[in-house]
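Here's a quick tour of the model you have open. Keep the 3D view handy and click along as you read.

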Amino acid sequence: MELDLLETDEIRLNRQPILPGTTLPSSPAGDYLQTSRTSPEDVCTTRTPRSQYRIFNRTDVVAEGWYWLLPSAELNRGAVRAVNILDYELAVFRGADGLVSALDAYCPHMGAHLAEGKVEDNQLRCFFHNWCFDASGKCTDIPCLGGKPRISVSTRSWHVREHHGLVWIWLGEGTPSSIPTPPELIGVEIESSLGNHFIKNCHPNVVMINAIDEQHFQTVHRLPGHILHMDPVANSLDHISFFNTGMVPATQLIGRLLKSFYKNVLTYNLDYWSGSTGTVTLGPDFLHLYLMFALRQTREGKTEGYAVVFTKKRLGFIGAIINSVVLFLTKLAGLYFAHGDTRVFQTIKFNFATPIAADRAVISFIHHLEQQREFSRHIE
Ligand code: FES
Ligand SMILES: [Fe+2]
């Protein structure tokens with residue numbers, strides 16, 4: 001696969017594909033990011049125009065994967081909603097059986113928007129001439145022809161699932177994978193709650209970068225230096241993790257305080273899927289907090305997203321109270337992280353023109369994303 005990624009005369013990226021389980025070199029002195037200078041602290045000052053990316057920061061292409069469509073709570077039984085994603089117009093409806101379906105919105109008869117229609121049992125009937133479509137998109141009724149259609153007509157049906165309080169759509173040609181979930185919570189009973197809804201004035205991939213941008217934790221969030229050092233590990237084609245390996249010197253007050261909560265390093269681990277959905281695992285060893293940021297691009301090229309918070313489900317009355325408190329604290333943590341960044345995301349015109357050694361994790365993210373399967377309107 002040909003990569004065309006952030007190349008200048010002075011910084012070159014390794015063109016080898018990242019294999020699942022691969023630990024990406026954490027230092028630019030390794031073979032991942034090679035500079036022609038000797039010091040890893042060197043800055044590349046060459047400002048040759050950036051090449052076009054395959055997937056990263058593009059408005060017409062996304063990495064194959066699951067993307068959130070709308071909150072489950074906004075789609076009652078018998079309701080239909082119009083949703084736009086990647087410039088596809090969809091009619092998303094919930095049948096009498098409680099299942100959600102998503103169809104291409106424009107009726108294959110004359111193009112009326114099917115979200116103007118109504119749900120009947122588990123099917124969607126077009127408002128204009130009342131043709132009816134089942135969850136697979138097949139036309140099952142043309143009233144003026146006396147019912148059962150004698151011609152084969154259908155509209156496209158999409159893979160959708162409901163998880164974590166959201167309806168998700170699979171944008172891809174391959175077999176759908178699992179819906180993103182914090183890795184530590186896979187296989188355990190969880191409780192989740194939808195957090196805040198937000199709009200950011202930049203691409204979802206750029207928002208994702210923020211949580212692994214080590215420099216900004218010092219400058220924007222005022223954390224002490226060297227507390228975070230994000231080491232990337234590629235888990236699969238569409239899933240990359242970043243583990244914090246940064247140590248806080250015990251000579252600092254904050255270091256001594258943190259040492260009483262953490263056996264090794266401060267827990268701050270990220271998992272990213274398809275460059276648009278990410279989970280954060282953080283907190284002291286005795287209580288990990290789990291957050292998700294589910295993002296997608298709007299028609300205007302902005303980011304629209306939801307935060308979702310999770311905890312391991314505790315049973316009983318006391319357990320339910322603890323769950324509520326933990327979920328509330330996790331939402332507060334999410335709001336804390338969003339604070340400060342908002343100011344940047346209102347005005348940023350993203351252009352990664354000068355990568356430096358400290359951007360190692362960001363470069364790994366872009367590199368991994370560039371090698372994923374793409375999905376665009378051209379692939380059909
Ligand atoms: S446009 Fe939908 S039935 Fe005619
Ligand atoms: Fe931030």
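**L86 and the overall picture**

L86 is partly exposed, with 17 other C-beta atoms within 10 Å; the cut-offs are 20 or more such neighbours for buried, 12 or fewer for exposed and anything in between for partly exposed, with C-beta atoms placed from the backbone. This is a predicted model, where local features need pLDDT of at least 70, side-chain atom pairs count only at pLDDT 80 or more, and totals for chains, interfaces and linings use all residues. Residues are numbered from 1 along each chain as its sequence is written, while chains are lettered from A and ligands numbered from 1 in the order in which they are written.

**Confidence and overall make-up**

- The protein averages a pLDDT of 84, and 81% of the residues score at least 70; pLDDT is the predictor's confidence in each residue, from 0 to 100.
- Watch residues 1-51: pLDDT stays under 50 there, and the model has 87 contacts beyond four places in sequence for them.
- Where pLDDT is low, the predicted coordinates should not be read in detail.
- The protein has six helices and 23 strands, taken as DSSP runs (H or I, at least four residues, for helices; E, at least two, for strands) and numbered from the N terminus.
- Of the 380 residues in the protein, 35% are buried.
- Take the contacts between residues at least 6 apart in sequence: 59% of them join residues at least 24 apart. A contact here means C-beta atoms, placed from the backbone, within 7 Å.

**The main core**

- The largest nonpolar core has 72 residues, and A91, V92, I212 and F365 have the most contacts inside it. Such a core is a set of buried Ala, Val, Leu, Ile, Met, Phe, Trp, Tyr and Cys residues joined through C-beta atoms within 7 Å.
- Strand β21 (residues 289-297) gives this core its largest share, seven residues.
- At least three residues of the core come from each of domain 1 (75-160) and domain 2 (183-376), with bounds from an automatic or database domain assignment.
- Leaving aside residues up to four places away in sequence, I212 touches M230, F242, L270, A361, V362 and F365.
- In soluble globular proteins, nonpolar side chains tend to be buried together.

- Helix α4 (residues 316-338) has 23 residues and reaches 33 Å from its first C-alpha to its last, close to the 33 Å expected at 1.5 Å a residue. That expected span is 1.5 Å times one less than the number of residues.
- V326, T330 and G334 are the buried residues of α4, and their cover includes β16 (190-200), β21 and β22 (303-312).
- An α-helix has 3.6 residues a turn, so residues three or four places apart point the same way.
- Just after α4, G340 takes a positive phi of about 95°.
- Helix α6 (residues 360-370) is largely enclosed by the rest of the structure, because eleven of its eleven residues are buried. Among them are R360, H367, H368 and E370.

**F310 in β22**

- F310 sits in strand β22 and counts as buried, with 24 C-beta neighbours inside 10 Å.
- Not counting residues up to four places away in sequence, F310 touches P182, L185, I190, S192 and Y290.
- F310 and T279 are 31 residues apart along the chain, and their C-alpha atoms are separated by 10.0 Å.

**Sheet, hairpin and loops**

- Four strands make an open sheet in the order β9-β10-β11-β12, with antiparallel pairing; strands pair if DSSP finds at least two bridges between them.
- β9 and β12 (139-141) are at the edges with a single partner strand each, so one side of each has no neighbour in the sheet.
- Two bridges pair β10 with strand β11 (residues 132-133) in the antiparallel sense, and L124 stands opposite F133 in β11.
- D121 lies in the loop between β9 (118-120) and β10 (123-125). D121 is exposed, with 12 other C-beta atoms within 10 Å, and has a positive phi of about 50° although it is not a glycine.
- Back to L86: it lies in the loop between β6 (80-85) and β7 (88-94), and has a positive phi of about 50° although it is not a glycine.
- Strands β14 (residues 160-163) and β15 (residues 166-171) run antiparallel, joined by four bridges, with H163 opposite L166 in β15.
- Two residues lie between the strands in the hairpin of β14 and β15, where H164 takes a positive phi near 55°.

Notes:
Contact = placed C-beta atoms within 7 Å.
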